[in-house]
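Please keep the sequence and the three-dimensional view at hand while reading.

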Amino acid sequence: SGILSVLQVRLVMKAHSFVRENVPRVLSSVKDKSSTVPIPRISQYLYFLFAPTLIYRDNYPRNPTIRWGYVATKFAQVLGSLFYAYYIFVRLCIPQFRNSSQETFNLRGLVLCIFNSILPGVLILFLVFFAFLHCWLNAFAEMLSFADRMFYK
């Protein structure tokens, strides 16, 4: 349900951007009584739905070729990040919580459990940042020939 919620928020943000960029153009052409109304094509909207951006434009900068080796490398890095996160959970998190579930509840045990989980939590946070925001978005940007790679700005 968390993944579906995130995807729905992304789609709502993209729909808002699409409407915000196109409604003023349509209204100005209707106000000027122009014979052509600048409505975007379906292909432009579909490209926008899959492109790693939240700002709608009719045309985006495009690369002339797709580097499939680069795409494979980025997906391999995502897979490696998932395996590393699994390793962190198995080696650092699960034993800590397994030991705490066998003991009686006390404040000292809770504080130790929290402090022992800070480092694995930060490592998982960095892995999520690297795997999704760097590798996943760059791989899809390359597959869509999307040339603007300013994800971090």
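Is F146 buried or exposed? At 2% relative accessibility, F146 counts as buried, where buried means under 20% relative accessible area, exposed over 50% and partly exposed in between, with a 1.4 Å probe and protein chains only.

The model is predicted, so local features need pLDDT of at least 70 and side-chain atom pairs count only at pLDDT 80 or more, whereas totals for chains, interfaces and linings use all residues. Residues are numbered from 1 along each chain as its sequence is written, and side-chain values use heavy atoms, with hydrogens and water left out.

**Overall form**

- The protein chain has four helices and zero strands; helices (H or I, at least four residues) and strands (E, at least two) are DSSP runs, numbered from the N terminus.
- The radius of gyration, taken over C-alpha atoms, is 23 Å for the protein chain, well over the 15 Å that the globule rule gives for 153 residues, so the chain is more spread out than a compact globule. That rule is 2.2 Å times the number of residues to the power 0.38.
- Along the principal axes, the C-alpha atoms of the protein chain fill a box of roughly 75 × 35 × 25 Å.
- Of the 153 residues in the protein chain, 23% are buried.

**Aromatic pairs**

- A search of the whole structure finds nine aromatic pairs; rings of Phe, Tyr and Trp (its six-membered ring) pair if their centres lie within 6.5 Å, and planes under 30 degrees apart count as stacked, over 60 as edge-to-face and the rest as tilted.
- One of these is the pair of F18 and Y56, which is edge-to-face because the ring centres are 4.9 Å apart and the planes stand at 80°.
- This pair links distant parts of the chain, 38 residues apart: F18 lies in helix α1 (residues 2–31) and Y56 in the loop between α2 (42–50) and α3 (68–102).
- Y56 is buried, at 1% relative accessibility.
- Y60 and F146 form a tilted pair, with 5.5 Å from centre to centre and 55° between the planes.
- Here Y60 belongs to the loop between α2 and α3, and F146 to the segment after α4 (107–143), 86 residues apart.
- Y60 is buried, with a relative accessible area of 11%.
- F18, Y45, F48 and Y56 are linked into a cluster by ring pairs.

**Charges over rings**

- K14 lies over the face of F48, at 4.5 Å from the ring centre; a charge sits over a ring if NZ of Lys or CZ of Arg is within 6 Å of the ring centre and within 35 degrees of the ring normal.
- R67 lies over the face of Y70, at 4.4 Å from the ring centre.
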